[in-house]
Amino acid sequence: MKKNATGIMKLKNDGPFPFIITPQDEDERFMLEALKEAWKAYQREEVPVGAVLVHQKQIIARGHNQVEMLKDATAHAEMLCITAGESALDNWRLAETTLYCTVEPCAMCAGAMLLARVPRLVWGAPDIRHGANGSWVNLFSQPHPTHTMSIRTDVLRELSAGLLKEFFQKRRLENDRGFEREPPLQGS
């Protein structure tokens with residue numbers, strides 16, 4: 001991973017996975033896998049968020065943001081991962097699983113986790129604009145009538161946050177140069 005003079009990572013979309021780390025525990029090991037999913041999103045010019053769902057110490061589902069590709073605001077990494085996990089277990093109740101997300105889940109994804117009965121959540125970087133575990137709102141602070149969830153935060157936070165920062169800095173630079181992805185709507 002190279003950094004420029006400002007300390008921001010310089011990544012190439014077509015380059016190999018940019019992080020070389022030795023996980024210190026099981027949570028870091030699985031978060032590294034979620035970061036690999038986030039890298040897939042980055043390479044496809046999607047907001048780089050990744051998720052993996054683990055059951056009995058095995059990854060049973062993976063997901064990365066596909067909002068732009070699918071033109072679907074609900075195609076978040078966590079939502080896609082939860083759906084794939086339900087298929088893998090042939091059950092909408094995701095008992096005995098842990099969901100690893102590179103970024104603090106939004107309200108939609110937090111609600112899906114509660115509804116799918118995910119018992120444990122591990123996330124990396126906070127999301128001050130949409131985070132539903134305290135950065136913007138905290139949907140997990142109130143006791144839920146049918147489900148409780150344990151949560152661990154800040155796992156590989158710097159890597160997750162750095163990838164997001166690089167992505168949005170790159171987007172701003174492209175927009176400043178006139179390389180917008182989509183032209184403005186006519187008559188707007």
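**A walk from Glu26 through the fold**

Leaving aside neighbours within four places in sequence, Glu26 is in contact (heavy atoms within 4.5 Å) with Lys57 and Tyr100. Before we go on, note that this is a predicted model, in which local features need pLDDT of at least 70 and side-chain atom pairs count only at pLDDT 80 or more, while totals for chains, interfaces and linings use all residues. Residues are numbered from 1 along each chain as its sequence is written, and side-chain values use heavy atoms, with hydrogens and water left out.

Glu26 sits in helix α1 (residues 26–43); helices (H or I, at least four residues) and strands (E, at least two) are DSSP runs, numbered from the N terminus. Between Glu26 and Lys57 there are 31 residues of separation in sequence and 8.7 Å in space, C-alpha to C-alpha. Glu26 counts as partly exposed because its relative accessibility is 34%; buried means under 20% relative accessible area, exposed over 50%, and partly exposed in between (1.4 Å probe, protein chains only).

Now look for the sheet. It is open, with 5 strands in the order β4-β3-β5-β6-β7 and mixed pairing; two strands pair if DSSP finds at least two bridges between them. At the edges are β4 (58–64) and β7 (150–152), each of which pairs on one side only. Strand β6 (residues 120–125) and β7 run parallel and are joined by 3 bridges. Within that pairing, Leu121 has Ile151 of β7 as its bridge partner. In general, strands of a sheet pair through backbone hydrogen bonds, either parallel or antiparallel.

Asp25 and Arg152 form one, at 3.3 Å from N to O. Asp25 is in the loop between β2 (9–10) and α1, whereas Arg152 is in strand β7, 127 residues apart. Another joins Arg120 to Asp27, with the closest N and O atoms 2.7 Å apart. Arg120 lies in strand β6 and Asp27 in helix α1, so this pair ties together parts that are 93 residues apart in sequence. Asp27 counts as buried, because its relative accessibility is 8%.

Finally, find helix α4 (residues 107–115), where Cys109, Ala110, Ala112, Met113 and Leu114 are buried. Their cover includes α3 (77–89), β5 and β6. Just after α4, Arg117 takes a positive phi of about 65°.

Note on methods: A salt bridge is a side-chain nitrogen of Lys or Arg within 4 Å of a carboxyl oxygen of Asp or Glu.
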